[in-house]
Amino acid sequence: MLPGRLESGDDICSDCAGIKTRLTCDKCGRERERFRGGHCIVCVVESELVELLRPNDPPDLRLKRLVSILTAVDRPASIHTWLHSNGGVSAELLRRMGNREIALSHEAFDALPKTASVEHLRAILTHNGILPAQDDRQLAMFQQWLGERLQQLEATPEIHSQIERFGRWHHLSRLLAESSETKNMNYAVRSAKQEITEAGKFLSWVLDAHGQTSATLGQVHIDEYLSSGPSTRKHIRNFVRYLAREMTITGLDVPVRLAQTMPMMTQKQRMEHIKTVMEAVNVNESTRVAGLIFLLFGIPIGRLCMMTIDQLKVRPTGITIKIGAHPAPIPDALIPLFLTYLNMRDSAGTVNTESNWLFPGSRAGRHKAPETLLHQLRDSMGIDIQGVRNRTIRGLVEEIDPTSLSRMLGYSKQIMSKHGSAATVPWSSYVIDKNPRYAKEKPSSQ
């Protein structure tokens, strides 16, 4: 520790500075700031964890390992805050584990109330191998949610049977087929939940208002339902189409709700956003770096949150980022900020250690939640998400052909062509416009 300071501003040790205050822990003897009762923060946290978890009564190597993991973090004060915040809820969970009331299994955690504290502790245990890894936590939670939802509908069998088939055969089978380690299932799961919920509301309305079931409803019922309620009712479209396929009911459909406008900011506004993010103060580096990647390439927030540090390559010539099949360069002016962030990523010093995510979340082993990043960019930094994304892609399609751009950013060629058409860019002119040799042969405009 260098608590003293010379007139030149250089930091010096306590002996050289003549400081007589004890700066060693009475328990471990290490030179650390004394936190409480002459003990350092590490020893205080360790004592509290041992008291809560009782790893030696009876001996349990998993609990001993948990104590070691939580006391070895770079910022042990964060563990102390975690134990004592929110009315000590987390400490009570650890105490119940120490009393052997909560077994170290996913089944035991599934039986607990679905709170942030429970899921945070489960994430710590899973990330560190104390609980077995689950293939996809989002899907596991969806299956649990679906089971509870179906249980609520048991009183109305005519609704329960249809929602069960729609939930299990249509949505769950599709989610299981699409799930992978590199795909963010958050939006897909949320969409499935919303469609199942709205389908249940629709069937309840048809039964209560008209005494009809899914086997006897008609287009007139669908039209009345859509016109007499909020816009969220449009989410019954997939369910109605599912009924038409599975029950061979003809003439039923829900029209697609098309966006009336396409939010689009100017290139000048986008550049002002980039300047604002670059010069932002009192904003953590993760938000700034994520914001710059979004402003430069316009990739969806869900994919942005799932980026890993392997997608950034630091070379003597600069930094490249791999979003699609081919890497793209990071502008030179942004390189210092990116390098600073890579050396001190947020949350990696607490329970989310050894994480490969570019933007680690507050929960162990997890990336930052898309909702969190969306709030930080939109509400905290004032970025128009849809306007930026449309402007970014529109600007890129004016410079790069759709095939190369789709490979670089991971978008489909159809999306790139759609933006190109809206920008009135003739793709056939790319070779002539971009190659000087062909430019000489361009016909005159006369």
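Mentor: With the term cavity: on a 1 Å grid over the protein atoms alone, a cavity is a set of points where a 1.4 Å probe fits but cannot get out. Keep in mind that this is a predicted model. By this rule the count comes to 1 cavity of 30 Å³ or more.

Trainee: How large is the largest cavity, and which residues line it?

Mentor: Its volume is about 40 Å³. The lining consists of E158, I159, L203, L207, Q212, T213 and S214. Two elements, α9 (157-178) and α10 (186-210), each give two or more residues to that lining.

Trainee: What makes E158 a lining residue?

Mentor: A lining residue has an atom within 4 Å of a cavity point. E158 is listed among the residues that line the largest cavity, so by that definition E158 has such an atom.

Trainee: What is the overall make-up of the protein in helices and strands?

Mentor: The protein has 22 helices and 7 strands. Of its 446 residues, 42% are buried. The exposed surface comes to about 24,200 Å², and carbon and sulfur atoms supply 51% of it. Among contacts with a separation of 6 or more, 57% join residues 24 or more positions apart.

Trainee: Why is H221 called buried?

Mentor: The label buried requires under 20% relative accessible area. H221 has 12%, so H221 is buried. This residue lies in helix α11 (residues 219-227).

Trainee: What is H221 in contact with, leaving aside its neighbours within four places in sequence?

Mentor: The contacts are F202, W205, H210, Q212 and T216. One of these, Q212, also lines the largest cavity.

Trainee: What puts the buried residues of α11 on the same side?

Mentor: The buried residues of α11 are H221, I222 and Y225. They cover an arc of only 100° around the axis, so they sit on the same side of α11. The face turned away from that buried side carries the exposed residues V220 and S227. Cover for the buried residues of α11 includes α10 and α12.

Trainee: Which residues of α4 are buried, and why are they said to line one face?

Mentor: In helix α4 (residues 76-84), the buried residues are P76, I79, H80, W82 and L83. Seen down the axis of α4, they fall within an arc of 160°, so they line one face of the helix. An α-helix has 3.6 residues a turn, so residues three or four places apart point the same way. The buried residues of α4 pack against β3 (34-36), α2 (41-53), α3 (61-71), α5 (89-98) and α7 (116-127).

Trainee: Why is N86 called exposed?

Mentor: Exposed means over 50% relative accessible area. N86 stands at 59%, so N86 counts as exposed. N86 lies in the loop between α4 and α5. Its phi is positive, about 55°, although N86 is not a glycine.

Trainee: Is N282 buried or exposed?

Mentor: N282 has a relative accessible area of 83%, so the label is exposed. Phi of N282 is near 60°, a positive value in a residue other than glycine. N282 is found in the loop between α13 and α14 (285-297).

Trainee: What makes V254 buried?

Mentor: The cut-off is under 20%. V254 has a relative accessible area of 1%, so V254 is buried. V254 is found in the loop between α12 (237-246) and α13 (267-279). Not counting residues up to four places away in sequence, V254 touches I222, L226, K234, I236, R237 and V240. V254 and L226 are 28 residues apart along the chain, with 8.6 Å between their C-alpha atoms.

Trainee: What is the omega of the peptide bond from D57 to P58?

Mentor: Omega is near -5°, and the bond is cis. P58 has its place in the loop between α2 and α3.

Conventions:
Residues are numbered from 1 along each chain as its sequence is written. This is a predicted model: local features need pLDDT of at least 70, side-chain atom pairs count only at pLDDT 80 or more; totals for chains, interfaces and linings use all residues. Side-chain values use heavy atoms; hydrogens and water are left out. Helices (H or I, at least four residues) and strands (E, at least two) are DSSP runs, numbered from the N terminus. Buried means under 20% relative accessible area, exposed over 50%, partly exposed in between (1.4 Å probe, protein chains only). Contact means heavy atoms within 4.5 Å. Accessible areas come from the Shrake-Rupley method with a 1.4 Å probe; for residues, only the protein chains shown count as cover. The arc is that of the directions from the helix axis to the C-beta atoms. On a 1 Å grid over the protein atoms alone, a cavity is a set of points where a 1.4 Å probe fits but cannot get out, and a pocket is an open set with protein on both sides within 12 Å along at least five of seven lines; lining residues have an atom within 4 Å of a point. Grid points are joined across faces, edges and corners, and a volume is the space filled by probe spheres set on the points.
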